[in-house]
Amino acid sequence: MNLNHFNPSTREFTHSAPAISNPVKKGEFFPQAFATAEPLPELKANQIAIRNADDTEWLAVDDYRGTAWRTDTKEPITITELGPLTDGVTIIEPLAFSLWQSNSWKVDRTAELADSKSKAIKMVQAFATGCRQNIAGYADHYTTAGWADKARRAERVVAGGGTAADIKILTAEATRRNKNETPEELAELQCQKAEAYAEAEGVIDGLESNAVNQLNQVTDITAVQPLLGVLQATAETEFEALRHG
């Protein structure tokens with residue numbers, strides 16, 4: 001004969017074990033505290049057996065202890081008490097993009113598409129940023145901040161309208177470059193570099209803008225990754241042309 005044991009504090013069923021037979025009285029068994037030979041009740045999913053306070057019957061009690069989720073916010077909560085679930089709470093883990101409908105999580109296709117497009121656009125923007133850094137030779141902010149002034153100064157000198165200060169600044173740089181350049185030759189070189197850099201920036205900006213625009217127009221999530229692949233391949237080809245142009 002088996003006995004069904006229960007916790008003395010919570011009165012929850014804990015385990016079944018053979019009863020201890022009485023060696024003196026054949027066919028009889030020693031009584032054990034917090035145990036009964038009464039069979040357990042039929043339990044449904046998420047139920048446990050609880051022995052009632054009078055020790056006269058088993059009760060089938062809902063048991064949802066553990067992690068659950070709010071159906072309105074998908075926020076996880078911890079259930080510590082026995083009993084039925086309260087309204088607006090489920091033990092079904094929500095999907096990445098989902099809404100609670102008809103007692104189950106349904107994928108929110110609009111949110112899923114928006115997230116996929118957002119991630120793809122961030123990848124495009126990161127790629128464009130990397131291209132700009134590469135074109136700039138990974139110069140620091142202080143260096144690039146002075147390029148516009150250098151370009152305007154060089155343009156003035158090449159056009160014959162350079163000031164004494166322009167010539168002085170170019171002379172100081174040319175002297176320290178130690179390449180036997182005149183201020184005018186350095187100005188010409190700086191104009192060429194400024195033009196090439198501006199053209200490269202324009203190409204990168206155009207590619208980025210086009211890619212973002214195309215991704216924003218996608219209405220089918222299955223089209224996002226293929227389009228991103230095409231856009232990146234095109235950008236890489238254009239970028240290589242810029243680097244070797």
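Ring pairs link F6, F13, F34 and W58 into a cluster.

Visitor: What counts as a ring pair here?

Guide: Rings of Phe, Tyr and Trp (its six-membered ring) pair if their centres lie within 6.5 Å; planes under 30 degrees apart are stacked, over 60 edge-to-face, and the rest tilted. This is a predicted model, with local features needing pLDDT of at least 70, side-chain atom pairs counting only at pLDDT 80 or more, and totals for chains, interfaces and linings using all residues. Residues are numbered from 1 along each chain as its sequence is written, and side-chain values use heavy atoms, leaving out hydrogens and water.

Visitor: OK, how many aromatic pairs are there?

Guide: Five. One of them is F6 with W58, edge-to-face at 5.9 Å centre to centre and 90° between the planes. F6 belongs to strand β1 and W58 to strand β5 (residues 58-62), 52 residues apart. Strands are DSSP runs (E, at least two residues), numbered from the N terminus.

Visitor: Is F6 buried or exposed?

Guide: Buried, at 4% relative accessibility; W58 is also buried, at 6%. Buried means under 20% relative accessible area, exposed over 50%, and partly exposed in between (1.4 Å probe, protein chains only).

Visitor: What lies over the face of W58?

Guide: R51, at 5.3 Å from the ring centre. The cut-off is CZ of Arg or NZ of Lys within 6 Å of the centre and within 35 degrees of the ring normal.

Visitor: Switching topic, which way do β1 and β2 run?

Guide: Antiparallel, with five bridges joining β1 (residues 2-6) to β2 (residues 13-18). Pairing takes at least two DSSP bridges between strands. H5 has H15 of β2 as its bridge partner.

Key: Helix = DSSP H or I, 4+ residues; strand = E, 2+ residues; numbered from the N terminus.
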